[in-house]
Structure formats: structure tokens, C-alpha cells
Amino acid sequence: MKDKLVVCLNAARMIESAQGSAQYDIGAMIKSVPSLTILSGDPSLAVRVEVDQQYTNYLRSAVQDFCTVGPTVEFKLFGKPQAASLRRLAL
Amino acid sequence: MGGDEINFIVQDSRGNPVRADVLARVRTLGGDELYLDAVSDGEGLATFLLPPLSQIEYVVAASRQPGFWNLFAEDVDDFEELVLQSLPAIDEPAWWLECLGIDSENPDRGKGIKIGVVDGDFRNGAGLEHVVQLMATEQPEPPDGWGHGEAVCRILADRDARVGRLLSIAPAAQVVFIDASNENDTLNEDAATIAIRRLVVEEKVDIINLSWGNASPNDAIRDVLNLAAEFGVTVVAATGNEGFQSQPMYPASDRNCIGVGALGLDKWGPVGTLVEWYRKRSNDVKRQGNVPRIGQVYAWCDSTIGAGVHVLAPGVGIFVQRNGGNSFELSGTSFASPMVCGLLAVALAADKQYLGLPRSRGRTNYVRQAFKSMCRPVGISKRYQGSGVPSAP
């Protein structure tokens, strides 16, 4: 089974990076994780990856103190006429 | 076993066909609810195949062509024609400008303030030529209807000579648009995080508008919103259209965001329109209030409630005009959020103390305090309205 995850610099590292006091390469940090594929993103800030579930903890430890690792999420736009919204009309 | 075919003709008051999304709620013989949708064709024909002996309870038609109110119709058993009513001509400042205390006679409102927008589906055109578009995704061909990101930008800063004055909040503000949408018309958090950082660090915007979200908090977005606050950037976000049963979505509920719910005007929207139906559905004393300049208002029935709704702003029956022509009529917290974002641009452009502050957490805190002083309760329950409705100082 594969996990799709987002690896992103944590708050402190993000600020350091934005201030120019440090630069990070998430790609280099996770290069050694077996089975891992980078799907999208910018290695200097956040990447979406796919990895075998058995190596998820390995991934977390590889970026510990530098990055957050979480499940991928999709955000929806709040304006398109949505069937779910229209369905509530008759409640 | 075959079903019953029901045909609707979607047309304007003169009998011309109109292309529209049509949604029908159907009650089956067994009492189940079904939701069917169709798109009317070039002849205005929308066809539904119903299960045997079922009944249509109501129909909603949302035009893909500008110039019409969205329609709501009940008791449509014998109904074959869905007549969309024309929107009124725009010859005076819109109620949302009045509601927010915007001086429509000032063409320079928002000048000098840079707004970032992270969204999807931006289509440039007259009035939006000034918008800087980054990380654009390919649009294979212009689809009909309206674009979500386009609508947000037009509410913020449409510079069409007439529309800018009468409909748009901060036409002189600079806008930088980043398309972070994917093929599903949603946003991935890695793309959204990268876009927000770019707006903060490289583009050095002053305010960011986010008209999207998800029920669950997200680490990456939380951390980049913290970055924005540290760099003096104020973020405004829509609380979501999940209705009064739901909590505000994330990131609107983040401590570094101003979460905006949607407000409707009682006297807005003729009989037979979706806006009228929204008004009826919002008919609860806790949701009713009054804004002195415009009269009775209501918290929109599809706006989420609770902690995270910081304010309400106009978001029901909003006109978004394209290329100086007819308008689309839109509802959603997506459109309430740029109202507040634009209002902040107008206020901050005239705030000398703000303009002199360094880009730091102190500037973000200053804006939050200044914004709080712009908000007034309007008589709606606090869970629905937060601090109330903002108005330009």
C-alpha cells in the first residue's frame, strides 16, 4: 500500500528560509527513503510524495525537526454552485 | 423498467433559449430523494430521466450566460418552461458597496496596496488587464460560465470605468493572482503553500485572499499562514458554504486568518429566484439584523457558524460583470471574503500609520486591531456574525 503525503518545512524552518538565514532542500533530506517518489511541489518548501506505507515512519524520522509530514488534502473553492449546497435547500 | 422523461426549456422572458445548469430534486415512489442534474443545450432543452412514478420537488437553474438571476422553482410537475429573469441595469453603487461604507466616487480607493489571490480559474479580460498572473495553468479553451478566480478578482479590483465605480471594492489596488488549482478544480496544499509563500516573500503583498478550504486543519497551511503573519501580511479567508450545521472551514478558522461569512440583503432578489429562496431559508430571528445604510440583512443559510467566523460581509446575489457587459449573479462565502479583503485595502491605503510600519508581526497585529475597530454588530446572533459587519473608517 502506498501513502500520499505532504512534506513541508515546519514553521521555524520556513521563517529561517524566508529570511534567507538558512536554505533547505527537502529532496536531499528524503532521498534515502526507499520507494519514495516526489509527485509535485518545490523542494525548498513543500513536496507531495508517494511512499510505501512501511517506510512512512522512516520518512518522518528523515525530516524530523525540519518538516511536518501529513496526509494530502484538497481544498475546494467556495463559490461554484455545488450540488451539496443546493441539496440543502429543501431541509 | 423504463423511466419518465421530463423536458424543461430554459429561456429568457422573450423566449430565447438560455444555457444553464439545472438541478432537480426528485422524490421516488419509495420516498427516497434523488438529485439529478443536466445542462440545457443550445435550444434551452434540459432532459431528466426520472424513475417510474417519481416526482420533481424543485428545480434550480443557474445560467451559464450572463444577465440572469438564478432560478428556484417548486411544484414543477407540469412545468416545462423555466424562465430566467433578467438582472437589473447597474446605474448606481451596488448594495455591497453601501453596506461596507465604500465611497464609490473615489476612483483611487485601494491605491498603493498590493493584494495576493490564491485561487483557480482566472480568465483575463477588460478591467482585469492590470492583474499580474503567476503560475498559470493552461486553459484549453474558455469554458462558458464564469471563472471562480476571475470573479474574486473582479469583486476586488475590476478597473472597467463603470463597473469599477459601481460594483468593485478596491479598483485601484494592485492584484497578484496565483493559480494553485489542479485538474479537479480544487487546490492541493503543497501548491497552495508554495503560492502563499511566494506572495509573502517574493511579491511582498500586503493582504491575501483565500476563497477556499477544507474541514480539517492542515500543518503546511498553518505554518505558511504563520509566516505571512510574521512578515506583516494579513490573510482573509472564506468560512465555507456548508451551512449552519457546520463549523467554519480551514484555513478561515486559523488564528492568523480573518474568517468571513456571507450576508444577504432582505430586499434583494425578485420572487422566483434562488436569492429569494435563500432569504426565506434564512428567516430566523437569530439570523436577522440591520445595517443602517441599507436596511434589513440576514446571515446566509449556507454560511458556516461558530468560532472562526470573525465577520459577515455581502455574499448573496452578488453581480460580477464581465468585460463591461452583462453580469453573473453569484452567491457564496468565496465572494464575501474579497469584499473584506478589498475593504481592508481601501482602509489601509489611507492609513498613514500602517503605511509607515515595517513588514513584521507588529504590522499584522496593527491591522487586526484596526479591522476590529471597523466592525459593528448588526443584531445577528454572535455565532453567526462574529464581530459583525465591517465598514470603511
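In strand β5 of chain B, Gln55(B) is the bridge partner of Arg27(B). That pair belongs to a run of 8 bridges joining β2(B), residues 20-27, to β5(B), residues 55-63, in the antiparallel sense. The model is a predicted one, and everything below should be read that way. On β5(B) there is also a pairing with β6(B), residues 71-74, again antiparallel and this time over 4 bridges. Here Ala61(B) has Leu71(B) in β6(B) as its bridge partner.

Contact between them involves 10 residues from domain 1 of chain B and 15 from domain 2 of chain B. On the domain 1 side, β6(B) gives the largest share, with 3 residues. Sorted by class, that side of domain 1 has 6 nonpolar, 2 polar and 2 charged residues.

Over in chain A, 4 strands make up an open sheet, ordered β2-β3-β1-β4, with antiparallel pairing. The edges are taken by β2(A), residues 37-42, and β4(A), residues 67-71; each has a single partner strand, so one side of each is left without a neighbour in the sheet. On average, and ignoring direction, neighbouring strands of this sheet are turned by 25° against each other.

Helix α5(B), residues 219-230, lies across β1(A), β3(A), residues 46-52, and β4(A), and runs at about 140° to β4(A). Taken as a whole, the contact between the chains draws on 34 residues of chain A and 51 residues of chain B. On the chain A side, at least two residues each come from β1, α1 (11-19), β2, β3, β4, β5 (74-77) and α4 (83-87). The class make-up of that side is 18 nonpolar, 9 polar and 7 charged residues.

Strand pairing also crosses from one chain to the other. β5(A) and β11(B), residues 186-188, pair in the antiparallel sense over 3 bridges. In this pairing, Glu74(A) has Asn188(B) of β11(B) as its bridge partner.

Helix α4(B) covers residues 189-202, and at 1.5 Å a residue its 14 residues should span 20 Å; the end C-alpha atoms are 19 Å apart, which agrees. Of these 14 residues, 12 are buried, so α4(B) is largely enclosed by the rest of the structure. The buried residues include Glu189(B) and Asp190(B), and also Arg197(B) and Arg198(B). Among the others are Ala191(B), Ala192(B), Thr193(B), Ile194(B), Leu199(B) and Val200(B). After α4(B) comes Lys204(B), with a positive phi near 50°.

Note on methods. Residues are numbered from 1 along each chain as its sequence is written. Chains are lettered from A and ligands numbered from 1 in the order in which they are written. This is a predicted model: local features need pLDDT of at least 70, side-chain atom pairs count only at pLDDT 80 or more; totals for chains, interfaces and linings use all residues. Two strands pair if DSSP finds at least two bridges between them. Axes are lines fitted to C-alpha atoms, for helices over the stretch in contact, and angles run from 0 to 180 degrees between N-to-C directions. Two residues are in contact if their C-beta atoms, placed from the backbone, lie within 7 Å. Ala, Val, Leu, Ile, Met, Phe, Trp, Tyr, Cys and Pro count as nonpolar, Asp, Glu, Lys and Arg as charged, and the others, Gly among them, as polar. The expected span of a helix is 1.5 Å times one less than its number of residues. A residue is buried if 20 or more other C-beta atoms lie within 10 Å of its own, exposed if 12 or fewer, and partly exposed in between; C-beta atoms are placed from the backbone.
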